Amino acid sequence: MGGGERSSSQKEELVESLLLDQDSHKPNELSLKKNNTQRKYFGANEEFGKEFFEFEDWKNTDFSKFEEEIFNLRRLKAFEEIIKSYDSLKLQDRNLDEAKEKLLSYKPGAWKEMVGCMKISDYDVPKTVTLLLIGPKGSGKSSLVNRILRVFEDNSSDEDGTLYLHEYMIPKDSTSFCIYDTRGLFEDSYDNYEMIERWMTEGVRHGELALRASDTPNEEGKARETSCLKEARMVNYVIFVIDALSVLRSMAGDTHYKSLLQSSWCCPYLSYGDDKPVVVCTHGDLLSDADRTRVRIRLGELLGIHPAKQIFDISEKFDPETDLAVVDMLTYSLLHADKHLPVKKRSPKKVLGILMLSLVFLLFYVFGALTGLINSKTCCYQNNSSGSPINRVIPNSESEQGISIDWRTIRHLWLG
């Protein structure tokens, strides 16, 4: 986004543009007008509050106006957070070199937060953390790879990632984490589901062919034989790449791209529990400030994620602002990759050894308990001719009477 921090009038114009109905681009009933303040429409509306809470018959209350106000309040809050994030990048509140240094010092598992008595040795920490790029065809995955590489090196990749998986170490001389460029998702949701399932369950290999079941013979003929000598890398986190221009077109009435995003996003293999992938919007440099903001808010509503914290706007521009956005996105991804490291699986031999050892301890315990019980009975009971136990009497020095002690009742005091 262009030049320095925005003035209040610029922000007001962005708010007015934002409040266009996101699906039809027609003005909303609550659109901000220049002669009104934000508080009247988005703050505590006193007149509306009195009108609303003075109803005696709640059954006849029309809640639609109240719900619409809440909806627009949420949009305005998201708008303010996005604008704040853009301004932060422009003002360089955080030093780019320091952010890069922190990222480059990353080691797999280093940012894992320990829970309870768990230690890092209890987790299956990979030698290299793998981040998988996924997105519709033409969303800009390969362009994003090039933009990421340019943050850390002067050169870029000339691969297009059409039919083969490509691995990129970040940076090239490191083994801490890598990015995989993949084939774009297409119209057939079943094909997309199968590809995603295979990558997430079986892992990914550099140079692996990514053909779909619906590919035509011509597409299969383009494939060349390649050797996948590297062993499969399991995916640790997903970066979902989306074309901002296509989102804007879908907001104007083209529902095709919206359906493709929703069907792909709902694939359960992309998520780690409730944790959804991070989203990157590309080609934002071709849009106005208002449209870039509107796209992120719309995606947040469509995908159910935070538009300012989990959606990153990364264009192909080469400037410090975009560099910092790239570093922030990668840092977010690695934090979440470490968060979901799997717990180590014990080998069958180790499990059998633990069971055998537990059984030995159990046998020793049972044997000790039985021995103690037998000894206690031998020491504590003396059978008379009738076979009943005799209570021992301890004489009392102060009186001629004795104290009768029931040894059976207090045997827990001396039972070993």
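Helix α10 passes α11 in a right-handed crossing. The model is predicted. In it, α10 (residues 255-265) and α11 pack at an angle of about 50 degrees, their axes being 11 Å apart. That angle makes α10 oblique to α11.

**Helices α10 and α11**
- On the α10 side, the contact is made by Lys258, Leu261, Gln262 and Trp265.
- On the α11 side, Arg298, Leu299, Leu302 and Leu303 take part.
- Sorted by class, the contact of α10 with α11 has five nonpolar residues, one polar residue and two charged residues.

**Helices α5 and α12**
- Helix α5 (residues 96-104) packs with helix α12 (residues 320-339) at an angle of about 30 degrees, and the axes lie 10 Å apart.
- Because angles under 35 degrees count as roughly parallel, α5 is roughly parallel to α12.
- The crossing of these two helices, α5 and α12, is left-handed.
- Helix α5 contributes Leu96, Ala99, Lys100 and Leu103 to the contact.
- Helix α12 contributes Pro320, Asp323, Leu324, Val327, Leu330, Thr331 and Leu334.
- The residues of the contact of α5 with α12 comprise eight nonpolar, one polar and two charged.

**The sheet**
- Six strands make up an open sheet with mixed pairing, and their order is β2-β3-β1-β4-β5-β6.
- At the edges are β2 (166-169) and β6 (311-313), each of which pairs on one side only.
- On average, and with direction ignored, neighbouring strands of this sheet are turned by 25 degrees against each other.
- Strands of a sheet pair through backbone hydrogen bonds, in either the parallel or the antiparallel sense.
- Strand β5 (residues 278-282) pairs with β6 in the parallel sense over three bridges.
- Valine 280 stands opposite phenylalanine 312, a residue in β6.

**Helices packed on the sheet**
- Helix α6 (residues 141-152) packs on the sheet and touches β1 (129-134), β2, β3 (177-181), β4 (237-243) and β5.
- The direction of α6 makes about 155 degrees with that of β3.

**Aromatic pairs**
- The structure holds six aromatic pairs.
- In the pair of tyrosine 106 and phenylalanine 177, the ring centres are 6.4 Å apart and the planes stand at 75 degrees, so the pair is edge-to-face.
- Tyrosine 106 lies in the loop between α5 and β1, whereas phenylalanine 177 lies in strand β3, so the pair ties together parts that are 71 residues apart in sequence.

**Backbone details**
- Most residues other than glycine have a negative phi, and most peptide bonds are trans.
- The peptide bond from isoleucine 170 to proline 171 is cis, with omega near -15 degrees.
- Proline 171 sits in the loop between β2 and β3.
- Histidine 283 has a positive phi of about 65 degrees although it is not a glycine.
- Histidine 283 is placed in the loop between β5 and α11.

Technical notes
Residues numbered from 1 in each chain as written. Predicted model: local features only at pLDDT ≥ 70, side-chain atom pairs only at ≥ 80, totals over all residues. Heavy atoms only, no water. Axes fitted to C-alpha atoms, helices over the stretch in contact; angles between N-to-C directions. Helix = DSSP H or I, 4+ residues; strand = E, 2+ residues; numbered from the N terminus. Parallel < 35°, antiparallel > 145°, perpendicular 65-115°, else oblique. Left-handed = near helix turned anticlockwise from the far one by under 90°. Contact = heavy atoms within 4.5 Å. Nonpolar A, V, L, I, M, F, W, Y, C, P; charged D, E, K, R; others polar. Pairing = 2+ DSSP bridges. Phe/Tyr/Trp six-rings, centres within 6.5 Å; stacked < 30°, edge-to-face > 60°.
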